[in-house]
Amino acid sequence: MKYKSVFDIIGPVMVGPSSSHTAGAARIGLLARSLFGGQPDHVDIYLYGSFKDTYKGHGTDVALIGGLLGFDTDDDRIITAEALAKESSMQYQFIEMEEERSHPNTAVLHLVKGSEQLTVEGISIGGGKIEVVSINDYPINLSGNYPALLVFHKDTFGTIARVTTILGNNEINVSQMNVARKEKGDVALMTIELDDTIDEAVIEEVRAASGVDRVIEMKES
Amino acid sequence: MFKSIQELIDQAASENKAISDVMMEQEMAVTGRSYLDIYKDMERNLEVMESAVEEGIGGVESTTGLTGMDAVKMKKYIDSGKGLSGELTLYAIAHAVSTNEVNAAMGKICATPTAGSAGVVPGVLFAMREKHDISREEMVRFLFTSGAFGFVVANNASISGAAGGCQAEVGSASAMAAAALVEMAGGTPEMSAHGFAIALKNMLGLVCDPVAGLVEVPCVKRNAAGASNALTAADMALAGIESRIPADEVVEAMYKIGLTMPSALRETGRGGLAGTPTGERIKAELFGEQ
(Lines give C-alpha, C1' and ligand atoms only; values in the text may rest on other atoms or scores of the structure.)
Protein backbone atom coordinates (compact mmCIF):
# COMPACT_ATOMS: atom_id res chain seq x y z
CA MET A 1 0.00 0.00 0.00
CA LYS A 2 1.47 3.29 -1.12
CA TYR A 3 -0.43 5.49 1.32
CA LYS A 4 0.08 4.48 4.95
CA SER A 5 -1.03 7.42 7.07
CA VAL A 6 -4.27 9.38 7.39
CA PHE A 7 -2.10 12.49 7.01
CA ASP A 8 -1.21 11.38 3.47
CA ILE A 9 -4.90 12.03 2.76
CA ILE A 10 -5.77 14.88 5.14
CA GLY A 11 -2.57 16.82 4.51
CA PRO A 12 0.00 18.06 3.91
CA VAL A 13 -0.42 21.63 5.03
CA MET A 14 1.07 23.45 2.10
CA VAL A 15 1.45 26.53 -0.02
CA GLY A 16 -0.87 26.18 -3.03
CA PRO A 17 -1.84 25.58 -5.70
CA SER A 18 -1.23 21.85 -6.34
CA SER A 19 -0.44 18.97 -3.97
CA SER A 20 1.22 16.91 -6.69
CA HIS A 21 2.81 19.73 -8.68
CA THR A 22 3.71 22.12 -5.84
CA ALA A 23 3.92 20.21 -2.53
CA GLY A 24 5.16 17.00 -4.20
CA ALA A 25 7.70 18.99 -6.20
CA ALA A 26 8.97 20.69 -3.03
CA ARG A 27 9.35 17.28 -1.39
CA ILE A 28 11.29 15.92 -4.38
CA GLY A 29 13.65 18.91 -4.14
CA LEU A 30 13.97 18.49 -0.38
CA LEU A 31 14.64 14.77 -0.63
CA ALA A 32 17.25 15.32 -3.37
CA ARG A 33 18.95 17.88 -1.11
CA SER A 34 18.92 15.42 1.78
CA LEU A 35 20.37 12.64 -0.38
CA PHE A 36 23.05 15.00 -1.69
CA GLY A 37 23.90 15.95 1.89
CA GLY A 38 23.42 19.67 1.45
CA GLN A 39 22.84 22.42 -1.06
CA PRO A 40 24.25 22.00 -4.57
CA ASP A 41 25.95 24.81 -6.49
CA HIS A 42 24.17 23.86 -9.65
CA VAL A 43 21.11 21.75 -10.54
CA ASP A 44 19.79 20.63 -13.90
CA ILE A 45 16.10 19.85 -13.57
CA TYR A 46 14.52 17.68 -16.26
CA LEU A 47 10.71 17.77 -16.36
CA TYR A 48 8.51 15.12 -17.95
CA GLY A 49 4.82 14.66 -18.77
CA SER A 50 2.34 16.75 -16.83
CA PHE A 51 5.23 18.36 -14.90
CA LYS A 52 6.65 19.60 -18.21
CA ASP A 53 3.27 20.77 -19.56
CA THR A 54 2.04 22.67 -16.51
CA TYR A 55 5.02 23.55 -14.31
CA LYS A 56 4.72 27.30 -14.80
CA GLY A 57 1.08 27.37 -13.80
CA HIS A 58 1.51 25.14 -10.78
CA GLY A 59 4.64 26.72 -9.38
CA THR A 60 6.40 23.36 -9.82
CA ASP A 61 9.60 25.24 -10.68
CA VAL A 62 9.66 27.43 -7.56
CA ALA A 63 8.63 24.47 -5.41
CA LEU A 64 11.50 22.29 -6.71
CA ILE A 65 13.95 25.14 -6.14
CA GLY A 66 12.42 25.79 -2.71
CA GLY A 67 12.85 22.14 -1.76
CA LEU A 68 16.47 22.22 -2.93
CA LEU A 69 16.96 25.25 -0.67
CA GLY A 70 15.59 23.22 2.24
CA PHE A 71 12.00 24.54 2.40
CA ASP A 72 9.16 22.21 3.35
CA THR A 73 5.70 22.20 1.70
CA ASP A 74 4.18 24.78 4.09
CA ASP A 75 7.07 27.25 3.87
CA ASP A 76 6.01 30.61 2.38
CA ARG A 77 9.55 31.15 1.10
CA ILE A 78 8.68 28.75 -1.77
CA ILE A 79 6.94 31.69 -3.47
CA THR A 80 10.18 33.70 -3.66
CA ALA A 81 12.49 30.69 -4.08
CA GLU A 82 13.99 31.97 -7.34
CA ALA A 83 15.28 35.15 -5.74
CA LEU A 84 16.44 33.24 -2.67
CA ALA A 85 18.35 30.77 -4.87
CA LYS A 86 20.17 33.70 -6.44
CA GLU A 87 21.01 35.09 -2.99
CA SER A 88 22.49 31.80 -1.85
CA SER A 89 24.19 31.36 -5.25
CA MET A 90 22.51 28.13 -6.28
CA GLN A 91 22.26 28.00 -10.06
CA TYR A 92 19.64 25.97 -11.84
CA GLN A 93 18.12 25.33 -15.22
CA PHE A 94 14.90 23.64 -16.28
CA ILE A 95 14.92 21.31 -19.24
CA GLU A 96 11.58 20.28 -20.79
CA MET A 97 11.65 16.66 -21.95
CA GLU A 98 9.33 15.33 -24.65
CA GLU A 99 10.03 11.66 -23.86
CA GLU A 100 7.39 9.82 -21.77
CA ARG A 101 8.31 8.31 -18.40
CA SER A 102 6.43 5.64 -16.48
CA HIS A 103 4.68 8.28 -14.34
CA PRO A 104 3.20 11.54 -15.72
CA ASN A 105 4.64 13.63 -12.87
CA THR A 106 8.36 12.96 -13.14
CA ALA A 107 11.36 15.18 -12.40
CA VAL A 108 15.00 14.19 -12.73
CA LEU A 109 17.40 16.36 -10.74
CA HIS A 110 21.11 16.40 -11.45
CA LEU A 111 22.90 18.03 -8.50
CA VAL A 112 26.48 19.25 -8.69
CA LYS A 113 28.88 20.73 -6.14
CA GLY A 114 32.56 20.72 -7.06
CA SER A 115 33.39 17.15 -8.01
CA GLU A 116 30.32 15.73 -6.25
CA GLN A 117 27.40 14.76 -8.44
CA LEU A 118 24.10 13.01 -7.87
CA THR A 119 21.12 12.27 -10.11
CA VAL A 120 17.76 11.73 -8.44
CA GLU A 121 14.57 10.77 -10.26
CA GLY A 122 11.40 11.54 -8.32
CA ILE A 123 7.73 11.00 -9.07
CA SER A 124 4.78 12.77 -7.47
CA ILE A 125 1.97 10.26 -7.13
CA GLY A 126 -0.84 12.46 -5.78
CA GLY A 127 -1.84 14.36 -2.66
CA GLY A 128 1.75 15.46 -2.05
CA LYS A 129 3.08 11.92 -1.80
CA ILE A 130 6.33 11.22 -3.65
CA GLU A 131 8.67 8.35 -4.46
CA VAL A 132 12.28 8.31 -5.57
CA VAL A 133 12.45 5.81 -8.42
CA SER A 134 16.11 6.03 -9.37
CA ILE A 135 19.42 7.35 -8.10
CA ASN A 136 22.35 7.76 -10.52
CA ASP A 137 20.22 5.69 -12.93
CA TYR A 138 19.92 2.77 -10.48
CA PRO A 139 16.24 1.88 -10.12
CA ILE A 140 15.10 2.05 -6.48
CA ASN A 141 11.91 2.58 -4.54
CA LEU A 142 12.14 5.01 -1.68
CA SER A 143 9.14 6.62 -0.01
CA GLY A 144 11.05 8.95 2.27
CA ASN A 145 8.82 7.82 5.15
CA TYR A 146 11.66 6.03 6.91
CA PRO A 147 15.34 6.75 7.44
CA ALA A 148 17.43 4.94 4.86
CA LEU A 149 20.99 4.13 3.86
CA LEU A 150 22.01 4.08 0.22
CA VAL A 151 25.17 2.07 -0.17
CA PHE A 152 27.03 2.06 -3.50
CA HIS A 153 29.22 -1.01 -3.51
CA LYS A 154 31.17 -3.43 -5.69
CA ASP A 155 28.90 -6.04 -7.21
CA THR A 156 30.70 -8.98 -5.67
CA PHE A 157 29.98 -11.64 -3.06
CA GLY A 158 30.11 -10.81 0.63
CA THR A 159 29.55 -7.04 0.54
CA ILE A 160 25.85 -7.20 1.40
CA ALA A 161 26.58 -9.58 4.28
CA ARG A 162 29.30 -7.28 5.64
CA VAL A 163 26.98 -4.28 5.62
CA THR A 164 24.02 -6.05 7.18
CA THR A 165 26.32 -7.60 9.81
CA ILE A 166 27.45 -4.11 10.85
CA LEU A 167 23.80 -3.06 11.19
CA GLY A 168 22.96 -6.22 13.10
CA ASN A 169 25.89 -5.81 15.49
CA ASN A 170 24.64 -2.29 16.23
CA GLU A 171 21.13 -3.61 16.87
CA ILE A 172 19.62 -1.74 13.90
CA ASN A 173 16.61 -3.38 12.31
CA VAL A 174 16.16 -3.33 8.53
CA SER A 175 12.53 -2.72 7.49
CA GLN A 176 13.03 -3.03 3.74
CA MET A 177 16.00 -3.71 1.50
CA ASN A 178 16.65 -3.63 -2.21
CA VAL A 179 19.72 -4.27 -4.36
CA ALA A 180 20.07 -2.94 -7.91
CA ARG A 181 22.87 -2.92 -10.45
CA LYS A 182 23.39 -1.75 -13.99
CA GLU A 183 25.85 -4.42 -15.14
CA LYS A 184 27.20 -7.58 -13.56
CA GLY A 185 30.42 -6.98 -11.64
CA ASP A 186 30.05 -3.20 -11.80
CA VAL A 187 28.96 -0.89 -9.01
CA ALA A 188 25.64 -1.84 -7.37
CA LEU A 189 23.31 0.07 -5.07
CA MET A 190 21.90 -1.28 -1.83
CA THR A 191 18.87 0.61 -0.53
CA ILE A 192 18.21 -0.12 3.11
CA GLU A 193 15.18 1.35 4.88
CA LEU A 194 15.47 1.32 8.67
CA ASP A 195 13.10 1.60 11.61
CA ASP A 196 15.23 4.19 13.39
CA THR A 197 17.75 6.87 12.58
CA ILE A 198 21.33 5.72 12.62
CA ASP A 199 24.43 7.05 14.40
CA GLU A 200 27.19 8.67 12.39
CA ALA A 201 29.65 6.17 13.88
CA VAL A 202 27.71 3.27 12.37
CA ILE A 203 27.61 4.98 8.99
CA GLU A 204 31.41 5.42 9.19
CA GLU A 205 31.73 1.72 9.94
CA VAL A 206 29.65 0.90 6.84
CA ARG A 207 31.74 3.31 4.78
CA ALA A 208 34.91 1.55 5.87
CA ALA A 209 33.61 -1.93 5.01
CA SER A 210 35.42 -3.74 2.21
CA GLY A 211 33.67 -3.32 -1.15
CA VAL A 212 31.72 -0.21 -0.13
CA ASP A 213 32.23 2.85 -2.36
CA ARG A 214 29.89 5.52 -1.12
CA VAL A 215 27.22 5.78 1.55
CA ILE A 216 24.36 8.27 1.56
CA GLU A 217 22.17 8.69 4.59
CA MET A 218 18.58 9.72 4.18
CA LYS A 219 16.84 11.07 7.24
CA GLU A 220 13.12 10.70 7.78
CA SER A 221 11.22 13.45 5.98
CA MET B 1 -4.95 -2.45 7.91
CA PHE B 2 -8.26 -2.09 6.09
CA LYS B 3 -7.77 -2.49 2.36
CA SER B 4 -11.30 -1.85 1.16
CA ILE B 5 -14.37 0.10 2.17
CA GLN B 6 -16.10 -3.19 2.95
CA GLU B 7 -13.31 -4.09 5.38
CA LEU B 8 -13.49 -0.62 6.91
CA ILE B 9 -17.23 -0.72 7.59
CA ASP B 10 -17.12 -4.36 8.69
CA GLN B 11 -14.42 -3.47 11.21
CA ALA B 12 -16.46 -0.51 12.48
CA ALA B 13 -19.69 -2.51 12.66
CA SER B 14 -18.23 -5.64 14.30
CA GLU B 15 -16.39 -3.65 16.97
CA ASN B 16 -19.29 -1.21 17.31
CA LYS B 17 -17.04 1.75 16.58
CA ALA B 18 -17.27 4.91 14.53
CA ILE B 19 -15.20 4.95 11.32
CA SER B 20 -13.18 7.82 12.78
CA ASP B 21 -12.13 5.49 15.65
CA VAL B 22 -11.05 2.77 13.24
CA MET B 23 -8.91 5.30 11.35
CA MET B 24 -7.39 6.67 14.56
CA GLU B 25 -6.53 3.19 15.85
CA GLN B 26 -4.93 2.21 12.57
CA GLU B 27 -2.86 5.40 12.58
CA MET B 28 -1.65 4.61 16.12
CA ALA B 29 -0.74 1.06 15.08
CA VAL B 30 1.06 2.06 11.88
CA THR B 31 3.03 5.01 13.26
CA GLY B 32 3.44 3.96 16.89
CA ARG B 33 2.40 7.49 17.90
CA SER B 34 0.05 8.33 20.75
CA TYR B 35 -3.63 9.20 20.44
CA LEU B 36 -2.97 12.71 21.67
CA ASP B 37 -0.12 13.41 19.21
CA ILE B 38 -2.19 12.23 16.26
CA TYR B 39 -5.27 14.11 17.45
CA LYS B 40 -3.26 17.33 17.84
CA ASP B 41 -1.84 17.05 14.34
CA MET B 42 -5.33 16.66 12.92
CA GLU B 43 -6.53 19.60 14.99
CA ARG B 44 -3.72 21.66 13.51
CA ASN B 45 -4.88 20.69 10.01
CA LEU B 46 -8.40 21.77 11.00
CA GLU B 47 -7.00 25.15 12.10
CA VAL B 48 -5.27 25.59 8.73
CA MET B 49 -8.58 24.84 7.00
CA GLU B 50 -10.39 27.34 9.19
CA SER B 51 -7.84 30.09 8.45
CA ALA B 52 -8.10 29.42 4.72
CA VAL B 53 -11.92 29.59 4.81
CA GLU B 54 -11.76 32.92 6.66
CA GLU B 55 -9.03 34.34 4.43
CA GLY B 56 -11.01 33.61 1.28
CA ILE B 57 -14.27 35.00 2.65
CA GLY B 58 -12.28 38.16 3.41
CA GLY B 59 -11.30 38.34 -0.28
CA VAL B 60 -8.23 37.05 -2.12
CA GLU B 61 -7.09 37.20 -5.74
CA SER B 62 -4.64 34.99 -7.61
CA THR B 63 -1.63 36.57 -9.32
CA THR B 64 -3.13 35.87 -12.74
CA GLY B 65 -6.45 37.47 -11.77
CA LEU B 66 -8.33 34.47 -13.16
CA THR B 67 -9.83 33.59 -9.79
CA GLY B 68 -10.63 35.35 -6.55
CA MET B 69 -13.27 37.44 -4.78
CA ASP B 70 -16.10 35.03 -5.63
CA ALA B 71 -16.32 33.80 -2.02
CA VAL B 72 -17.03 37.41 -1.06
CA LYS B 73 -19.88 37.50 -3.59
CA MET B 74 -21.31 34.26 -2.22
CA LYS B 75 -21.16 35.56 1.36
CA LYS B 76 -23.04 38.74 0.38
CA TYR B 77 -25.59 36.66 -1.47
CA ILE B 78 -26.14 34.44 1.58
CA ASP B 79 -26.55 37.52 3.78
CA SER B 80 -29.14 38.94 1.37
CA GLY B 81 -31.39 35.98 2.18
CA LYS B 82 -32.28 35.54 -1.49
CA GLY B 83 -30.47 32.23 -1.99
CA LEU B 84 -32.36 29.49 -3.83
CA SER B 85 -30.64 26.61 -2.03
CA GLY B 86 -30.77 26.14 1.72
CA GLU B 87 -28.17 27.96 3.77
CA LEU B 88 -26.19 24.80 4.49
CA THR B 89 -25.57 24.30 0.78
CA LEU B 90 -24.87 27.98 0.23
CA TYR B 91 -22.27 28.01 2.99
CA ALA B 92 -20.70 24.82 1.65
CA ILE B 93 -20.34 26.53 -1.73
CA ALA B 94 -18.95 29.73 -0.20
CA HIS B 95 -16.40 27.92 1.96
CA ALA B 96 -15.30 25.56 -0.80
CA VAL B 97 -14.77 28.49 -3.19
CA SER B 98 -13.04 30.43 -0.44
CA THR B 99 -10.52 27.66 0.28
CA ASN B 100 -9.69 27.12 -3.36
CA GLU B 101 -9.31 30.80 -4.05
CA VAL B 102 -6.72 30.89 -1.28
CA ASN B 103 -5.03 27.85 -2.80
CA ALA B 104 -4.94 29.46 -6.26
CA ALA B 105 -3.38 32.56 -4.71
CA MET B 106 -0.55 30.38 -3.31
CA GLY B 107 -1.92 30.77 0.18
CA LYS B 108 -1.70 28.10 2.86
CA ILE B 109 -4.20 25.23 2.75
CA CYS B 110 -4.48 21.62 3.88
CA ALA B 111 -4.64 19.14 0.98
CA THR B 112 -7.79 16.98 1.30
CA PRO B 113 -6.92 14.74 -0.45
CA THR B 114 -5.19 17.14 -2.86
CA ALA B 115 -4.73 20.89 -3.09
CA GLY B 116 -6.87 21.20 -6.22
CA SER B 117 -9.75 19.59 -4.32
CA ALA B 118 -8.94 21.13 -0.93
CA GLY B 119 -12.18 23.12 -0.75
CA VAL B 120 -14.68 20.26 -0.68
CA VAL B 121 -14.14 18.70 2.77
CA PRO B 122 -13.65 22.00 4.67
CA GLY B 123 -16.48 23.49 2.60
CA VAL B 124 -19.11 21.12 3.97
CA LEU B 125 -17.47 20.86 7.39
CA PHE B 126 -17.50 24.60 8.10
CA ALA B 127 -20.98 24.88 6.58
CA MET B 128 -22.12 22.29 9.15
CA ARG B 129 -20.59 24.45 11.87
CA GLU B 130 -22.50 27.51 10.61
CA LYS B 131 -25.85 25.75 10.74
CA HIS B 132 -25.52 23.06 13.41
CA ASP B 133 -24.22 22.93 16.93
CA ILE B 134 -21.13 20.75 16.48
CA SER B 135 -18.11 20.51 18.75
CA ARG B 136 -14.47 20.91 17.83
CA GLU B 137 -13.99 17.20 18.54
CA GLU B 138 -16.75 16.26 16.10
CA MET B 139 -15.00 18.39 13.49
CA VAL B 140 -11.70 16.59 14.05
CA ARG B 141 -13.55 13.25 13.85
CA PHE B 142 -15.03 14.36 10.53
CA LEU B 143 -11.50 14.63 9.16
CA PHE B 144 -10.53 11.14 10.36
CA THR B 145 -13.64 9.67 8.73
CA SER B 146 -12.95 11.52 5.47
CA GLY B 147 -9.35 10.34 5.67
CA ALA B 148 -10.37 6.70 6.13
CA PHE B 149 -12.38 6.68 2.91
CA GLY B 150 -9.75 8.69 1.04
CA PHE B 151 -7.12 6.22 2.23
CA VAL B 152 -8.91 3.37 0.43
CA VAL B 153 -9.31 5.42 -2.77
CA ALA B 154 -5.65 6.47 -2.77
CA ASN B 155 -4.43 2.90 -2.33
CA ASN B 156 -6.90 1.15 -4.64
CA ALA B 157 -7.30 3.79 -7.33
CA SER B 158 -5.75 7.25 -7.42
CA ILE B 159 -6.15 10.73 -6.00
CA SER B 160 -4.10 12.41 -8.71
CA GLY B 161 -5.62 14.41 -11.55
CA ALA B 162 -2.60 13.61 -13.73
CA ALA B 163 -3.25 9.89 -13.25
CA GLY B 164 -7.04 9.73 -12.93
CA GLY B 165 -8.62 13.06 -13.91
CA CYS B 166 -10.72 15.36 -11.73
CA GLN B 167 -12.95 12.45 -10.68
CA ALA B 168 -9.91 11.26 -8.67
CA GLU B 169 -9.54 14.65 -6.96
CA VAL B 170 -12.86 16.50 -6.57
CA GLY B 171 -14.70 13.19 -7.02
CA SER B 172 -12.74 11.52 -4.21
CA ALA B 173 -13.04 14.59 -1.99
CA SER B 174 -16.79 14.78 -2.53
CA ALA B 175 -17.23 11.09 -1.69
CA MET B 176 -15.01 11.40 1.41
CA ALA B 177 -17.03 14.39 2.59
CA ALA B 178 -20.35 12.60 1.96
CA ALA B 179 -19.26 9.62 4.08
CA ALA B 180 -18.11 11.88 6.92
CA LEU B 181 -21.32 13.93 6.77
CA VAL B 182 -23.35 10.75 7.20
CA GLU B 183 -21.35 9.76 10.28
CA MET B 184 -21.60 13.26 11.74
CA ALA B 185 -25.39 13.23 11.25
CA GLY B 186 -25.66 9.91 13.09
CA GLY B 187 -25.82 7.48 10.17
CA THR B 188 -24.35 3.97 10.37
CA PRO B 189 -20.99 3.01 8.79
CA GLU B 190 -22.95 1.20 6.07
CA MET B 191 -24.90 4.37 5.32
CA SER B 192 -21.59 6.26 5.12
CA ALA B 193 -20.42 3.77 2.49
CA HIS B 194 -23.61 4.32 0.49
CA GLY B 195 -23.18 8.10 0.75
CA PHE B 196 -19.59 7.70 -0.42
CA ALA B 197 -20.63 5.49 -3.36
CA ILE B 198 -23.46 7.80 -4.46
CA ALA B 199 -21.22 10.88 -4.36
CA LEU B 200 -18.39 9.21 -6.30
CA LYS B 201 -20.76 7.75 -8.90
CA ASN B 202 -22.03 11.25 -9.65
CA MET B 203 -18.50 12.43 -10.34
CA LEU B 204 -17.28 9.54 -12.52
CA GLY B 205 -15.66 10.55 -15.77
CA LEU B 206 -14.91 14.08 -14.68
CA VAL B 207 -11.79 15.22 -16.54
CA CYS B 208 -8.91 17.37 -15.31
CA ASP B 209 -8.68 20.20 -17.84
CA PRO B 210 -7.22 23.25 -16.10
CA VAL B 211 -6.94 26.34 -18.28
CA ALA B 212 -3.27 27.20 -18.85
CA GLY B 213 -2.43 24.35 -16.48
CA LEU B 214 -3.39 26.53 -13.52
CA VAL B 215 -5.35 25.23 -10.54
CA GLU B 216 -7.93 27.96 -11.08
CA VAL B 217 -10.38 27.46 -13.97
CA PRO B 218 -12.47 25.32 -13.55
CA CYS B 219 -11.04 23.96 -10.26
CA VAL B 220 -12.46 26.59 -7.90
CA LYS B 221 -16.03 26.14 -9.12
CA ARG B 222 -15.71 22.35 -9.29
CA ASN B 223 -14.95 22.38 -5.58
CA ALA B 224 -18.31 24.08 -5.06
CA ALA B 225 -19.94 21.34 -7.13
CA GLY B 226 -18.10 18.67 -5.14
CA ALA B 227 -19.32 20.19 -1.88
CA SER B 228 -22.96 20.40 -2.90
CA ASN B 229 -22.80 16.91 -4.40
CA ALA B 230 -21.50 15.63 -1.04
CA LEU B 231 -24.53 17.12 0.71
CA THR B 232 -26.89 15.61 -1.88
CA ALA B 233 -25.34 12.14 -1.52
CA ALA B 234 -25.25 12.33 2.30
CA ASP B 235 -28.91 13.30 2.46
CA MET B 236 -29.85 10.45 0.12
CA ALA B 237 -27.90 7.94 2.22
CA LEU B 238 -29.41 9.28 5.44
CA ALA B 239 -32.86 8.89 3.86
CA GLY B 240 -32.02 5.20 3.54
CA ILE B 241 -31.30 5.22 -0.19
CA GLU B 242 -28.69 2.65 -1.14
CA SER B 243 -26.15 2.57 -3.95
CA ARG B 244 -26.84 -0.39 -6.24
CA ILE B 245 -23.13 -0.61 -7.04
CA PRO B 246 -21.05 -1.26 -3.89
CA ALA B 247 -18.57 1.46 -2.89
CA ASP B 248 -15.46 -0.63 -3.65
CA GLU B 249 -16.69 -1.39 -7.16
CA VAL B 250 -17.33 2.31 -7.74
CA VAL B 251 -13.70 2.99 -6.71
CA GLU B 252 -12.54 0.33 -9.16
CA ALA B 253 -14.69 1.82 -11.92
CA MET B 254 -13.18 5.23 -11.20
CA TYR B 255 -9.69 3.75 -11.45
CA LYS B 256 -10.41 2.05 -14.76
CA ILE B 257 -12.00 5.17 -16.23
CA GLY B 258 -8.82 7.05 -15.25
CA LEU B 259 -6.66 4.50 -17.05
CA THR B 260 -8.59 4.94 -20.28
CA MET B 261 -8.74 8.73 -20.06
CA PRO B 262 -6.56 10.39 -22.74
CA SER B 263 -3.58 12.33 -21.38
CA ALA B 264 -4.98 15.58 -22.87
CA LEU B 265 -7.67 15.32 -20.16
CA ARG B 266 -5.36 14.44 -17.26
CA GLU B 267 -3.85 17.67 -15.95
CA THR B 268 -1.81 18.52 -19.00
CA GLY B 269 -3.69 21.75 -19.69
CA ARG B 270 -4.34 20.69 -23.30
CA GLY B 271 -7.84 19.24 -23.71
CA GLY B 272 -11.32 20.07 -22.46
CA LEU B 273 -11.79 23.63 -21.18
CA ALA B 274 -8.04 24.27 -21.52
CA GLY B 275 -8.38 23.60 -25.26
CA THR B 276 -11.29 25.99 -25.87
CA PRO B 277 -10.58 29.21 -27.83
CA THR B 278 -10.89 31.20 -24.60
CA GLY B 279 -8.74 28.71 -22.69
CA GLU B 280 -6.03 28.91 -25.35
CA ARG B 281 -6.24 32.70 -25.45
CA ILE B 282 -5.80 32.94 -21.66
CA LYS B 283 -2.79 30.67 -21.85
CA ALA B 284 -1.23 32.76 -24.63
CA GLU B 285 -1.84 35.97 -22.69
CA LEU B 286 -0.26 34.57 -19.55
CA PHE B 287 2.71 32.67 -20.90
CA GLY B 288 3.10 33.97 -24.46
CA GLU B 289 2.69 32.01 -27.68
CA GLN B 290 4.14 28.51 -27.50
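The structure is a predicted model, in which local features need pLDDT of at least 70 and side-chain atom pairs count only at pLDDT 80 or more, while totals for chains, interfaces and linings use all residues. Residues are numbered from 1 along each chain as its sequence is written, and chains are lettered from A and ligands numbered from 1 in the order in which they are written.

**Where chain A meets chain B**

- The contact joins 37 residues of chain A to 46 residues of chain B, where two residues are in contact if their C-beta atoms, placed from the backbone, lie within 7 Å.
- On the chain A side, the elements that give two or more residues are β1 (13–15), α1 (19–36), α2 (49–58) and β5 (116–126); helices (H or I, at least four residues) and strands (E, at least two) are DSSP runs, numbered from the N terminus.
- The largest share of this side, six residues, is provided by α2(A).
- Sorted by class, the chain A side has 15 nonpolar, 16 polar and six charged residues, with Ala, Val, Leu, Ile, Met, Phe, Trp, Tyr, Cys and Pro counted as nonpolar, Asp, Glu, Lys and Arg as charged, and the others, Gly among them, as polar.
- Strand β1(A) also pairs with β1 (residues 108–110) of chain B, in the antiparallel sense and over three bridges, given that two strands pair if DSSP finds at least two bridges between them.
- Within this pairing, M14(A) has I109(B) as its bridge partner.

**The two domains of chain A**

- Chain A is divided into domain 1 (12–136) and domain 2 (148–218), with bounds that come from an automatic or database domain assignment.
- The centres of these two domains, taken over C-alpha atoms, are separated by 26 Å, and each domain gives four residues to the contact between them.
- On the domain 1 side of that contact there are two nonpolar, two polar and no charged residues.

**The six-stranded sheet of chain A**

- Six strands of chain A form an open sheet in the order β3-β2-β4-β5-β6-β7, with mixed pairing.
- Strands β3 (91–96) and β7 (138–142) are the edge strands, each pairing on one side only.
- Inside the sheet, β4 (residues 105–113) and β5(A) pair in the antiparallel sense over eight bridges, and V120(A) in β5(A) is the bridge partner of L109(A).
- Helix α1(A) lies across β4, β5 and β6 (129–135) of chain A, running at about 150 degrees to β5(A); here axes are lines fitted to C-alpha atoms, for helices over the stretch in contact, and angles run from 0 to 180 degrees between N-to-C directions.

**The four-stranded sheet of chain A**

- Another open sheet, with four strands in the order β9-β10-β8-β11, has antiparallel pairing, and its edge strands are β9 (174–181) and β11 (212–218).
- Strand β8 (residues 148–154) pairs with β11(A) over six bridges in the antiparallel sense, and H153(A) stands opposite V212(A).

**A helix pair in chain B**

- Helices α1 (residues 5–14) and α10 (residues 189–201) of chain B pack at an angle of about 155 degrees, with their axes 9 Å apart.
- That angle makes α1(B) roughly antiparallel to α10(B), because angles under 35 degrees count as roughly parallel, over 145 as roughly antiparallel, 65 to 115 as roughly perpendicular and the rest as oblique.
- Residues I5(B), I9(B), A12(B) and A13(B) of α1(B) make the contact with P189(B), E190(B), A193(B) and F196(B) of α10(B), and the residues of this contact divide into seven nonpolar, no polar and one charged.
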